[in-house]
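Hi,

Here is the structure I promised to pass on.

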Amino acid sequence: SREMAELAVAYRGQGVVAFDLAGPERGHPASRHAEAFRYARTHDLPCTCHAGEGDGPESVRDAVHGCCVHRIGHGTRLVEDESLAAYVADRGLGVEVCLTSNVQTRAARSYEEHPLKEFVRLGVPVALATDNRMVSGTTLSDEYWLAATRLGFSLSELAELALSGFRLAFLPLFERRQLEARASALLASLSSYSASA
């Protein structure tokens with residue numbers, strides 16, 4: 001993993017935007033790769049780690065404290081640890097939420113039981129994502145549709161999820177702010193259009 005971190009750093013700005021660790025979580029704590037994460041961070045490369053999908057909230061705790069990640073892939077079981085969820089929310093650590101993938105892997109029993117609403121209630125920054133788009137047979141539009149139809153998200157709540165995704169992007173701050181401003185304007189026009197229809 002250290003070699004992968006070195007490779008990621010070498011190609012930063014040439015298509016590589018972050019360092020990620022994904023794979024089986026149970027029995028394979030992310031902190032075994034702490035040196036790789038440390039190398040990426042000390043070379044100013046953002047870090048993310050899949051956690052809380054294939055194992056409990058302790059895998060999220062390990063990724064957050066053992067690897068000092070900036071975002072968490074899935075994090076489905078984070079809500080089982082209120083203290084850790086509050087820590088993640090307070091520090092603005094993002095959670096990449098993949099509804100379809102989480103139901104397919106049984107990290108969530110159903111769309112309706114997915115903790116996305118709880119993340120939002122707790123103030124955990126979230127971004128809807130697809131995870132493995134081709135394997136799961138989903139698109140980002142599908143994920144938003146599921147949030148609306150299966151979890152009851154309103155148009156304004158979906159808009160906030162979209163803006164949260166821009167805020168959590170692994171891009172320079174000024175680029176994130178530009179994207180968020182453009183998206184806000186588009187969402188405002190969409191909102192006013194739907195109100196007049």
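The sheet is open and has five strands in the order E1-E2-E3-E4-E5, with parallel pairing; two strands count as paired if DSSP finds at least two bridges between them. At the edges sit E1 (19–21) and E5 (126–128), each of which pairs on one side only. From one strand to the next, the twist averages 20 degrees. E1 and E2 (residues 47–51) run parallel and are joined by three bridges. Within this pair, Asp20 stands opposite Thr48 in E2. Helix H2 packs on the sheet, where it touches E1 and E2, and its direction makes about 150 degrees with that of E2. (Contact means heavy atoms within 4.5 Å; axes are lines fitted to C-alpha atoms, for helices over the stretch in contact, and angles run from 0 to 180 degrees between N-to-C directions.)

Before I go on, a word on where this comes from. It is a predicted model, in which local features need pLDDT of at least 70 and side-chain atom pairs count only at pLDDT 80 or more, while totals for chains, interfaces and linings use all residues. Residues are numbered from 1 along each chain as its sequence is written, and side-chain values use heavy atoms, with hydrogens and water left out.

Overall, the protein chain has ten helices and five strands (DSSP runs numbered from the N terminus, helices being H or I with at least four residues and strands E with at least two). Its C-alpha trace spans about 55 × 40 × 35 Å along the principal axes.

Now the helix pairs. H1 (residues 2–10) and H2 (residues 34–42) pack at about 15 degrees with their axes 8 Å apart, so they are roughly parallel to each other. (Under 35 degrees counts as roughly parallel, over 145 as roughly antiparallel, 65 to 115 as roughly perpendicular and the rest as oblique.) On the H1 side, Arg2, Ala5, Glu6 and Val9 meet Glu35, Ala36, Tyr39 and Ala40 in H2. That contact divides into five nonpolar, no polar and three charged residues (Ala, Val, Leu, Ile, Met, Phe, Trp, Tyr, Cys and Pro count as nonpolar, Asp, Glu, Lys and Arg as charged, and the others, Gly among them, as polar).

H8 (residues 140–149) and H9 (residues 155–167) pack at about 140 degrees, axes 10 Å apart, and are therefore oblique. Tyr144, Ala147 and Ala148 of H8 make the contact with Leu158, Leu161 and Ala162 of H9. By class, the H8 contact with H9 has six nonpolar, no polar and no charged residues.

Cheers
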